[in-house]
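Thanks for coming. Please have a look at it first.

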Amino acid sequence: MSTQIEADLMQQLKTAMKAGDKRALSAIRMVRTKIMEARTAKNAKPLDEDGVLEIIRGYVKSLEAALVEFRASGTPEDDENVLQLSAEVTLLQPYMPKFKSEAETIVIVEAAIAGTGATERKQAGMVMGAVMKGHKGEVEPGLVRKLVEARLA
């Protein structure tokens with residue numbers, strides 16, 4: 001079964017081939033490989049749009065982590081590896097979630113704290129769970145953790 005995202009990726013692949021865009025070709029091929037690996041893995045569940053998006057998001061997170069490491073090691077911005085990773089992140093950015101703003105997230109966190117009755121920092125996990133259960137994909141987990149810990153400190 002193919003998803004609309006996979007159809008879009010295939011169209012991007014064709015466009016990149018015609019344009020000779022090696023960076024885009026590399027990114028799209030890698031994502032398609034990761035999707036195929038997920039489909040053919042032992043005990044694999046059928047992939048829907050959300051499953052494909054999770055694969056793409058995971059890949060983008062790994063690219064961003066690699067970029068951070070390159071930059072931390074002092075690699076110049078015009079290094080071929082940095083340029084490749086940046087191009088891949090840019091190409092796949094439309095598939096990344098659009099998170100709520102910090103102000104909107106604060107409201108959600110405060111409601112979760114009130115709803116769970118949490119008062120101590122050691123209850124942060126309970127609040128995090130409540131927020132993520134009700135707003136998965138809508139809020140950035142790192143920001144939620146920071147806000148929960150600050151409110152319960």
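How many nonpolar, polar and charged residues are in the lining of the largest pocket, by class? The lining has seven nonpolar, four polar and seven charged residues. In that count, Ala, Val, Leu, Ile, Met, Phe, Trp, Tyr, Cys and Pro are nonpolar, Asp, Glu, Lys and Arg are charged, and the others, Gly among them, are polar.

Before I go on, the ground rules. This is a predicted model, where local features need pLDDT of at least 70, side-chain atom pairs count only at pLDDT 80 or more, and totals for chains, interfaces and linings use all residues. Residues are numbered from 1 along each chain as its sequence is written, and side-chain values use heavy atoms, with hydrogens and water left out.

Back to the pocket. The largest pocket holds about 540 Å³ of space. The search runs on a 1 Å grid over the protein atoms alone: a cavity is a set of points where a 1.4 Å probe fits but cannot get out, while a pocket is an open set with protein on both sides within 12 Å along at least five of seven lines, and lining residues have an atom within 4 Å of a point. Points are joined across faces, edges and corners, and the volume is the space filled by probe spheres set on them. The lining of the largest pocket comes to 18 residues, and Arg57, Lys61, Pro97, Phe99 and Pro141 are the closest to the pocket centre. Helix H3 (49-72) and helix H7 (141-151) are the elements giving two or more residues to this lining. H3 has the largest share, seven residues.

Now the chain as a whole. It has seven helices and zero strands, where helices (H or I, at least four residues) and strands (E, at least two) are DSSP runs numbered from the N terminus. The radius of gyration, taken over C-alpha atoms, is compared with a globule rule of 2.2 Å times the number of residues to the power 0.38. The chain has 19 Å, whereas a compact globule of 153 residues would be near 15 Å. Its C-alpha trace spans about 60 × 45 × 30 Å along the principal axes.

Next, the inside. Of the 153 residues, 33% count as buried; buried means under 20% relative accessible area, exposed over 50%, and partly exposed in between (1.4 Å probe, protein chains only). A nonpolar core is a set of buried Ala, Val, Leu, Ile, Met, Phe, Trp, Tyr and Cys residues joined through side-chain atoms within 4.5 Å. The largest one has 24 residues, and Ile5, Leu9, Val31, Ile35, Ile56, Leu92 and Tyr95 have the most contacts inside it. H3 gives the most to this core, with eight residues. A second, separate core has 16 residues, including Val127, Val131, Met132 and Val139. As for Val31, with neighbours within four places in sequence left aside, it is in contact (heavy atoms within 4.5 Å) with Leu9, Ile56, Tyr59 and Leu92.

Asn43 is in the loop between H2 and H3 and is exposed, at 72% relative accessible area. Its phi is near 60°, a positive value in a residue other than glycine. Most residues other than glycine have a negative phi. Ala114, in helix H5 (residues 102-116), is exposed at 65%. Ala72 lies in H3 and counts as exposed at 67% relative accessibility. That is where I will stop.
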